[in-house]
Number of protein chains: 2
Amino acid sequence: MTTSRSAASRGSGRGQRVTIADIARRAGVTSAAVSLAVNGRPGVSDATRARIMEIARELDWEPSPAARALAGAPVLTVGMVLARPAEVLGNEAFFGAFVAGLQEVLSAQDYSLQMKIVDSPEAEIDTYRRWFGQRRVDGVVVVDLRADDARIPALEELGQPALVVGGPGHHGSLPAVYVDDARATHLLVDHLAERGHRRIARVAGTAAFLHTAQRDQAFLDRCTELGIGGVLQDAGFGAQDAAVATAELLASDVPPTAIIFDSDEMALAGSHVLAESGVAVPGDIAVASYEDSPLARTHRPGITAIGRSAVEYGRVAATRLLEVIAAARRRDGEPDGMESEVRALEPELVVRASTDPAAQPVAG
Amino acid sequence: MTTSRSAASRGSGRGQRVTIADIARRAGVTSAAVSLAVNGRPGVSDATRARIMEIARELDWEPSPAARALAGAPVLTVGMVLARPAEVLGNEAFFGAFVAGLQEVLSAQDYSLQMKIVDSPEAEIDTYRRWFGQRRVDGVVVVDLRADDARIPALEELGQPALVVGGPGHHGSLPAVYVDDARATHLLVDHLAERGHRRIARVAGTAAFLHTAQRDQAFLDRCTELGIGGVLQDAGFGAQDAAVATAELLASDVPPTAIIFDSDEMALAGSHVLAESGVAVPGDIAVASYEDSPLARTHRPGITAIGRSAVEYGRVAATRLLEVIAAARRRDGEPDGMESEVRALEPELVVRASTDPAAQPVAG
DNA sequence: CTGAAAGCGCTTACAG
DNA sequence: CTGAAAGCGCTTACAG
């Protein structure tokens, strides 16, 4: 510590940082002019703007996000907090794919995703409060929506940009995007009914989540409408539970002739149980899934599934959240009405051999 | 816009933010004293420190990350950039699990993960440059290590905390954590050899990644040592390619009696092909995987795999990076020697019925 | 269209 | 152990 470098090592970094002051000096203008120029705001002539931009490029200037944030500009970060154990998330195909889709859109707009894992919904709400209090994020995306979710009123009260993934309903006045699960359920049940099934089971995921309840309801309703027997089998979480649920269905007095699973992971696990028990798919029992994946596709027989990818879901969510953030910034506190708009993703059915032997050419 | 709120709406936020100045006023000290107190630094008496902390809590004070960062404190964020398409990432079980593990450790230390998807290694390097230039991150984790990876020298030159996931070798002077792939390969090959296999195939993933090459080498070497026939079959990416590779192996003149796949996704896809072709597992051909997952476990027969979970890998990586960041901060520019230390995760073999019929009780 | 200034909320030497 | 001040790098009214 013999050399003096107090000025450099204090403050923000390595010392040789180039700032708008440097650019201003070179351009013979004030730093305010530089700020206006680089942010594309009116207030400088085209000529000086061009000169300033050129110098900024020459000097390899990078704006300081900290300084910008401190001065009140957006921090270009959106947050997502997950109240589930890491192990569980890691096993969910949905999670990685959804995040990847979010990232793709956010990165393209120079936005970052900030994630945090907590262990309770209370801790999740607390995190939102702190994040917005600290101005750490410009907005948040809320996943794993539940019925009467405590996070919704908390977020409404905070009055900050938030996008709910899930619904419809139970997202209060917040904007939301969701896959139309009722529609997806109809697609699945109708397809099976058309193929002659009269006794269909649904192996359902975690009951706490709203979409699970919605699928349950739609499933039962549709079965009633079509006059076919619908069986509901709860299966908690993941592959293990789905395997158990499938075994239970097999053991019942009158097993179903078709099973719809809540995810590809569950469908695969269930299929393994069927195969092990010598049950032919789809000959004895047909199999379908609410979620598609490469594994569902390469499985033999290929598994009929709802084809809305989680990646696409992530993209739509990110796009919508960015809109909400932009709107909030524009009105700066005044409500605006249209930002609570809800957007639904239309599900599509991908028919494969697990429900239709003709769907998959032998040389596939 | 009739009400005046210029002072409030300018600057950082909603106006009613509580700052260390507010605390200082209430406590009858300067804001400098507050700063020292809340950061646990010496310079204030225990009594005033306690009083300050109490007031901070009462006022519900939250430090401003922007202000801290601008004043030179760590930004409590680590970055990870991925040069792969979102779709590919989304399908990788490894990705989600690894991120979940990272998150778990980082969140506990109040650190955030910042991710970005780019479309080339050059863009990745550029992102590192900008992130550190902007002081957006305190460190980065580098994944998908390649042989002679251009990112390594770039990061070395930047001289900022970085942790390489992968190796050994090819990570230059940077600290690294890796799963010992040579060891994992021995575990797999030896296990198969012990069970009498004399012709083993390896279905390998993307050739560009270092660990693929290392597994190739270790595989060939070990086969030679044990005097058994080793077949290498390249399979590019994911389920589809693995299915094709497996079909090709089946079509060869003398098919192997065992196949080792690079990931659980590939092993599952390959198993589907085997099942479809009427090949008994493990009777005709045994199957093993370098990566475990719930699906590999519930598959029938359960798939023998290397049991080091990606979640755990993420945890170790985060822990190590945090150490490196702390060390860098302590020495403030002076090299320190021990932070380039490399840490290896010891792989474990989980034997299941895909290689050993006795391994899985029928009533599993 | 341009200049000069205040302010965002902290941290960190430097004097007392 | 405590006070007073400078500085981090921006943005945003406000005057000219």
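**Helix packing in chain A**

Tutor: Gly238(A), Ala239(A), Ala242(A), Ala243(A), Thr246(A), Ala247(A) and Leu250(A) in helix 12 of chain A meet Glu265(A), Met266(A), Ala269(A), Gly270(A), Val273(A) and Leu274(A) in helix 13 of chain A, where contact means heavy atoms within 4.5 Å. By class, this contact has nine nonpolar, three polar and one charged residues. This is a predicted model, with local features needing pLDDT of at least 70 and side-chain atom pairs counting only at pLDDT 80 or more. Residues are numbered from 1 along each chain, and side-chain values use heavy atoms.

Student: Why is helix 12 of chain A called oblique to helix 13 of chain A?

Tutor: Helix 12 (residues 238-251) and helix 13 (residues 264-276) of chain A pack at an angle of about 45°, with axes 8 Å apart. That makes helix 12 of chain A oblique to helix 13 of chain A, because angles under 35 degrees count as roughly parallel, over 145 as roughly antiparallel, 65 to 115 as roughly perpendicular and the rest as oblique.

Student: What makes helix 10 of chain A and helix 11 of chain A oblique to each other?

Tutor: Helix 10 (residues 181-194) and helix 11 (residues 210-226) of chain A pack at about 40°, their axes 9 Å apart. The two helices are therefore oblique to each other. Their contact divides into seven nonpolar, three polar and four charged residues.

Student: Which hand does the crossing of helix 10 of chain A and helix 11 of chain A have?

Tutor: Helix 10 of chain A passes helix 11 of chain A in a right-handed crossing, meaning that the near helix is turned clockwise from the far one by less than a right angle.

Note on methods: Chains are lettered from A and ligands numbered from 1 in the order in which they are written. Axes are lines fitted to C-alpha atoms, for helices over the stretch in contact, and angles run from 0 to 180 degrees between N-to-C directions. Helices (H or I, at least four residues) and strands (E, at least two) are DSSP runs, numbered from the N terminus. Ala, Val, Leu, Ile, Met, Phe, Trp, Tyr, Cys and Pro count as nonpolar, Asp, Glu, Lys and Arg as charged, and the others, Gly among them, as polar.
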